[in-house]
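Hi everyone, thanks for coming. I'd like to walk you through a structure that may be new to you, so please have a look at it with me.

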Amino acid sequence: MSDATANSTPATPSASSLFKQDDRVKRRNAAEKRFKAYGLTAIGVGVTMLIILVSSVLSQGLSSFRQTFVTLPITVTQAEFEAAEASMLKTGKYKKLIQRGLEQRLATAELGDVVSIKDAMGLLSGQAPADLRMAALANQTWPLRQEFRFLANGRVDGYFKGRVTMEIAERDSRISPEQLELSQQLADAGIMETRFNRGFLTRTDGSPTRPEAAGLGVAFLGSLYMMMVVLALALPIGVATSIYLEELAPKNRWTDLIEVNISNLAAVPSIVFGILGLAIFINFAGLPQSAPLVGGLVLTLMTLPTIIIATRASLKSVPPSIRDAALGLGASKMQTVFHHVLPLAAPGILTGTIIGLAQALGETAPLLLIGMVALVQNYPSAPPAGLEDPATALPVQVYIWTTRSDPAFVERASGAIIVLLAFLLIMNIAAILLRRRFERRW
Amino acid sequence: MNDMRLTERAVDTNQLKITARDVQVFYGDNHAIKDVTVDIQDKTVTAFIGPSGCGKSTFLRCLNRMNDTIDICRVEGKILLDDEDIYDKRVDPVQLRAKVGMVFQKPNPFPKSIYDNVAYGPKIHGLARSKTELDEIVETSLRRAALWDEVKDRLTAPGTGLSGGQQQRLCIARAVATSPEVLLMDEPCSALDPIATAQVEELIDDLRSRFSVVIVTHSMQQAARVSQKTAFFHLGNLVEFDDTTKIFTNPEDPRTESYITGRIG
């Protein structure tokens with residue numbers, strides 16, 4: 001027994017046993033652990049910030065997708081319609097028609113004697129008569145007889161969303177605590193209800209005193225038109241520039257100069273592009289102010305460097321052996337680029353383009369300078385003519401709403417931010433999916 | 001070197017295909033090829049051997065003007081293909097490369113189907129008038145590259161999914177499909193295992209019946225196995241150019257002898 005152990009184990013443990021970490025290794029491992037901890041901390045801070053941002057926007061903005069409405073039976077005869085249209089204050093006449101409907105409704109709910117009709121009318125939005133007029137104008141068969149859903153006043157809406165309290169109402173000239181109690185009664189009677197607010201996405205911007213009627217419709221169309229202009233201009237110009245610089249241009253002082261300038265353009269503050277757009281497109285070329293066309297042109301200038309840099313990077317990443325193969329077969333430069341290089345670079349180009357578009361979609365500063373910051377209450381017409389009609393854009397709408405004094409607009413602005421973030425998220429997901437779909441290995 | 005089949009082969013023709021006279025190549029200030037004068041015969045395999053960096057690949061790439069794609073590269077001297085100067089101003093390199101095909105060191109199939117890989121050349125040069133003609137060209141090219149039997153059932157599969165040896169044969173089929181007159185091969189077997197190498201070498205010997213083949217190789221055994229003529233390059237100079245048999249058995253220049261016996265390179 002003792003012989004066997006003596007033979008199988010070394011007499012003295014060697015100085016450098018693998019089971020024991022020496023000091024250098026210990027220090028190295030400790031450094032590695034510390035570095036990992038720094039990384040995790042950084043990620044933790046980043047994620048926390050993101051969660052705070054998103055949750056604050058969501059908590060303030062989600063309520064803008066719900067709105068308080070008053071449902072009333074409305075009857076308009078042809079004679080009443082013609083009389084209203086012939087009068088000077090058209091909406092005043094329609095207001096009378098709404099009041100008739102409201103009285104009728106209160107009577108059926110057996111509230112007619114309890115409340116003052118003036119207080120009850122005060123619960124409705126100032127937008128209600130205008131909405132009724134639009135419906136009457138669009139109406140074909142008379143008499144118009146319909147259950148109408150009118151917007152409630154922004155203060156009443158705020159009461160149901162918990163923003164407006166009795167104490168606030170006492171100090172407010174536009175709503176009284178009695179009216180809030182009345183609105184509670186109406187809600188109990190089923191006349192007033194809070195439901196999904198499609199108008200937030202489709203309506204035009206409301207006047208500063210009517211936050212309940214404010215919607216993103218015009219901003220939405222304006223952003224869409226601008227993105228169309230940017231895509232139609234920036235993608236072909238950007239890709240053509242990159243192909244020329246990367247594949248065809250000789251490498252000399254001039255192309256170096258162009259390259260440096262393109263990289264510099266990417267770093268130019270966006271408001272400078274706005275000044276440029278104001279000076280060149282509006283003052284010099286005479287294009288209309290506030291038009292998505294001008295906005296699109298300015299954003300194209302801003303997006304071009306992003307697209308060019310992304311496209312050149314993805315052209316560079318195509319292995320040269322593919323170019324050699326095509327050239328060796330007798331393909332011309334153009335054929336090599338269009339048959340082989342461009343398809344392989346397409347995922348990268350698409351990603352770059354979508355990221356550039358997303359950047360342009362969120363850009364505000366240059367649009368302020370070209371006059372897209374306005375109260376626009378008409379939808380722009382269909383393109384191409386609509387490209388010259390006044391419009392706003394999603395980020396500008398956020399800016400407009402945050403500058404208004406009525407606290408109800410804070411909710412609107414947060415709601416618009418949610419819509420904007422949703423679009424950016426969709427575009428980024430599309431970029432990832434496209435890249436996965438078209439990525440090829442060689 | 002018992003696998004040298006030096007006696008088996010004879011040159012079929014003495015007709016000249018490519019004549020190079022006093023060719024100089026500069027990469028910027030670097031004089032890469034100095035005074036190379038060489039005659040390449042039709043229906044012959046000519047091997048370029050020499051140590052790394054001696055300029056054999058550079059010279060090969062001059063023969064179909066692939067060096068044009070390198071901005072700083074400058075070629076002087078005369079290279080005649082069938083008595084026409086290929087560096088003449090009137091020559092379009094695209095047309096030249098259709099006549100002088102090339103196979104590269106690393107197999108580089110397009111990331112497309114096997115069929116599209118082979119059909120690409122004929123398509124861009126308008127060699128086929130109909131789908132059936134194109135099918136025919138693809139089949140004969142793949143047969144000529146000894147690949148048809150292995151891929152005939154999966155022509156629509158991606159060319160990049162084949163094994164290394166198959167990929168290289170696909171590249172040869174692709175080069176053959178444009179019916180070139182000269183086929184340039186830049187170390188076509190350096191990325192292949194011995195079995196694939198043997199297949200490609202056999203293929204080169206077959207191809208000789210239709211084209212003039214120029215092959216750059218690191219392996220002296222390969223040069224000895226496949227070529228009829230051998231050129232030895234050293235430091236940008238053409239040291240010796242003669243029948244393969246002569247180069248390997250009785251070289252005139254001491255540098256050639258040192259190289260083939262393994263003392264330099």
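Residues count from 1 along each chain as its sequence is written, and chains are lettered from A, with ligands numbered from 1, in the order in which they are written. What you see is a predicted model, in which local features need pLDDT of at least 70, side-chain atom pairs count only at pLDDT 80 or more, and totals for chains, interfaces and linings use all residues, while side-chain values use heavy atoms, with hydrogens and water left out.

Let's begin with strand β8 of chain B, residues 212-216. Is β8(B) enclosed or open? Five of its five residues are buried, so the strand is largely enclosed by the rest of the structure. Buried here is under 20% relative accessible area, exposed is over 50%, and partly exposed is in between, using a 1.4 Å probe and protein chains only.

In a regular strand, side chains alternate between the two faces of the sheet. For β8(B), both faces are covered: B:S212, B:V214 and B:V216 are buried on one side, and B:V213 and B:I215 on the other.

Which strands pair with β8(B)? One is strand β3 of chain B, residues 45-49, which runs parallel to β8(B) over four bridges; pairing takes at least two DSSP bridges between the strands. Within that pairing, B:A47 has B:I215 as its bridge partner. Strand β7 of chain B, residues 182-186, is also parallel to β8(B), joined by five bridges, and there B:L184 is partnered with B:V214.

Together, β7(B), helix α7 of chain B (residues 194-207) and β8(B) form a right-handed β-α-β unit. Right-handed means that, with the strands pointing away from the viewer, the path from the first strand over the helix to the second runs clockwise.

Now to where the chains meet. Chain A brings 19 residues to the contact and chain B brings 24, with contact meaning heavy atoms within 4.5 Å. How much area do chain A and chain B bury between them? About 1700 Å², with 63% of it on carbon and sulfur atoms; this is the accessible area (1.4 Å probe) that the two parts lose on being put together, summed over both.

On the chain A side, the elements giving two or more residues are α15 (320-328) and α16 (333-361). Of the elements on that side, α15(A) gives the most, with seven residues.

Let's zoom in on single residues. A:T68 sits in strand β1 of chain A, residues 66-76, and is buried at 0% relative accessibility. Its side chain makes a polar contact of 2.8 Å with the side chain of A:D157. A polar contact is a pair of N or O atoms within 3.5 Å; within protein, one must be able to donate a hydrogen and the other to accept it, and residues adjacent in sequence count only if both atoms are side-chain atoms.

A:M302, in helix α14 of chain A (residues 292-316), is buried too, at 9%. Leaving aside neighbours within four places in sequence, A:M302 is in contact with A:S270, A:F273, A:E363 and A:P366.

Last stop, the backbone. Most residues other than glycine have a negative phi, and most peptide bonds are trans. Which peptide bond is cis? The one from A:P383 to A:P384, with omega near 5°; A:P384 lies in the loop between α17 (365-369) and α18 (394-402) of chain A.

In chain B, B:D82 has a positive phi, near 50°. B:D82 is in the loop between β4 (73-81) and β5 (84-85) and is partly exposed at 32%. B:S179 also has a positive phi, near 40°; B:S179 lies in the loop between α6 (164-176) and β7 of chain B and counts as exposed at 51%.
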